Amino acid sequence: MGPSFRWGDDMTEKTLLRLITCGSVDDGKSTLLGRLHFETGSAFDDELALCGDDLSRLVDGLEAEREQGITIDVAYRFFATEKRKFIVADAPGHEQYTRNLVTGASTAELALVLVDAAKGVLTQTRRHAYLCRLLGVTQFVLLVNKMDRVGFDRERFERIVADYAGLGTEFTAIPVSALSGDNVATRSPAMPWYEGPTLLEHLEAAVPEERPGGAFVMPVQWVAREGRRGFAGHVVAGEARRGDPMRVMPAGTRATLAEIRLGEEVLDVAVEGQSVMLFFEEEVDCSRGDSVTAAGYPPDVADQFEATLIWMSGEELVAGRQYALKLATQSALASIHTPKYEIDVDTFEQVPAHGLALNGIGVANLWTDRPLVYSEYEHDRDLGGFILIDRVSNETVGAGLIRHALRRSQNLHLQTLTVTREARAAMKNQKPRLLWFTGLSGAGKSTIANLVEKKLHLLGRHTYLLDGDNVRLGLNRDLGFSDADRAENIRRVGETARLMLDAGLIVLAAFISPFRAERRMVRELLGEGEFVEIFVDVPLAEAERRDPKGLYAKARDGRIPNFTGIGSPYEPPVAPEIRIDATATSAEEAAEEIVRWLETPPRDGEGDRA
């Protein structure tokens, strides 16, 4: 066992190398880490508080995730030799923990890829190696472990090396036995045929990644509001000095840097890798999610991208559905197009894809509901990598790497119109509303919506009814009934309804719209109080008994796949504005109730209805 080193002041001059261990299940990652700690005699885990700025980026990221309720657990280990200190992200080999691999690899410079000498290169080995390369890891060490179990056979080692070479990455191969320490810190007498370095010799000689320099960028993570307004964050590129002209992006507001603080210390310059607080001479509008940048070299801003997606959820990606997106400290809502293709991790071929399942890797276009400060991932990991979060479960379901912005996002600009939606609505003497009728097929949505429109028309209201079948016979005739097509169907209807509300109309939409996520997406397209969710509630047995179109019978016979209630779920509203019990209320009575609700002056705090 070597001499003991701790993370105190005596280590501040040592260079840091960030590692990740990866590979398939039971290839020996935990045993290897235990051997490294034993051989170096390093104190670890409990010394986290002494790591200082070396861990600031890691800690900042984890704290930001906790603030958002995002849970990605990665085990980090810390050890040191006489020459260097190391942070190791320990990625489990199980397929369901690919998210841990993605998180750890996003900051790693070198990957230790373990392979069981008896098993060879497996699918998970290929997936981990591919993901590490995709996430920007530039150095790889292939550790053919458990050589003692194959009699330290040289030919077996060379066959595995040749198989791994087909993955297309440059690497160093070392035969080891992590359990007994062969070729970890000292050369193994059992493998005299191996003449390369031990693992620790290679790690000590590895050259840390040199990130390309660039203009100053600091995503704002926190704003101090007591006394002077200060803006805290982690500097991801460049440097800035007191007096430098700055911009607050994406708005582009100019400001002059007045002071830089690192804790209680006042600095002359803020540099990449530091977590600092900035103060400006001017009072500026800046909040979490904005970025402070050099004035002369502001970063790119866009709201449409092509990205590589890594799917990490058991629930398949639904194209067209909105997911929460987190990029650095920025948050937005993102809609994903159908993937252009998926990567087969065994052959690395591009194959057609309609969605992405657990551990799927593909390329797709996406658009966000607000412009984002970004960089292409290959140039900047911090501003090029994002995560996707399910808006209902708050589960992190995917990670993305921005390849480039779509050109059309730079060419399109919102046109300000002279006649406003308020002016159009005032001419009609009504408040635009979207009355969204949802419920099972056969519940009576279209019948009730038709009666409501008739009654509103008699009251002099200006209306338009969007019916599910009618829209599918025209605007959405190209869509089927998969989850992705259903999501796209509702997205198009929502955008159409929004245009009609801009015209000052009261719009009625009668759609099964089975998923809460899509109904919520439409609600958030509109202004406060403009979306009125009307749940026409009927039990499945009663809807099936009515079966006016004979659809349930066909679904039971297998002639209609993915039919709501039979082959696909219906998610009832949690808190609709209006609930109609269709078993106890006639269509005429339901229509009267809805019109009465719209025409009745609201109580205090409810806002306008009609």
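**Close-up views of a predicted model**

**View 1. T293 in strand β15****.** T293 counts as buried because its relative accessibility is 0%; buried means under 20% relative accessible area, exposed over 50%, and partly exposed in between (1.4 Å probe, protein chains only). This is a predicted model, in which local features need pLDDT of at least 70 and side-chain atom pairs count only at pLDDT 80 or more, while totals for chains, interfaces and linings use all residues. Residues are numbered from 1 along each chain as its sequence is written, and side-chain values use heavy atoms, leaving out hydrogens and water. Strand β15 covers residues 291-294; helices (H or I, at least four residues) and strands (E, at least two) are DSSP runs, numbered from the N terminus. T293 touches F216, V217, M246, R247, M249, P298 and P299, not counting residues up to four places away in sequence; contact means heavy atoms within 4.5 Å. M246 lies 47 residues from T293 in sequence, yet the C-alpha atoms are 5.6 Å apart.

**View 2. The open sheet.** Six strands run in the order β2-β3-β1-β4-β5-β6, with mixed pairing; two strands pair if DSSP finds at least two bridges between them. β2 (75-80) and β6 are the edge strands, each pairing on one side only. From one strand to the next, the twist averages 25°. Strands β1 (residues 15-23) and β3 (residues 84-90) run parallel, joined by 7 bridges. T15 stands opposite R84 in β3.

**View 3. Helices on the sheet.** α3 packs on the sheet and touches β1, β2 and β3, its direction making about 160° with that of β1. Axes are lines fitted to C-alpha atoms, for helices over the stretch in contact, and angles run from 0 to 180 degrees between N-to-C directions. Helix α4 (residues 123-134) also packs on the sheet, touching β1, β4 and β5 (139-145) at about 150° to the direction of β1. Helix α3 (residues 98-105) is mostly covered, with 8 of its 8 residues buried.

**View 4. The largest nonpolar core****.** Of its 67 residues, L19, I20, L32, L112, C132, L143 and L203 touch the most other members. A nonpolar core is a set of buried Ala, Val, Leu, Ile, Met, Phe, Trp, Tyr and Cys residues joined through side-chain atoms within 4.5 Å. Strand β4 (residues 110-116) supplies the largest share of this core, 6 residues. Another core, of 29 residues, lies apart from it, with V452, A510, I534 and V538 among them. L203 is in contact with L17, L19, F79, R84, F86, L110 and L112, leaving aside neighbours within four places in sequence.

**View 5. C22 and C132****.** The structure holds 0 disulfides; a disulfide is a pair of cysteine sulfur atoms within 2.5 Å. C22 is buried, at 0% relative accessible area.

**View 6. N183 in a loop****.** This loop lies between β6 (172-175) and α6 (199-205). N183 counts as buried because its relative accessibility is 2%. Beyond its neighbours within four places in sequence, N183 is in contact with I174, P175, V176, S188, M191, Y194, T198 and L199.
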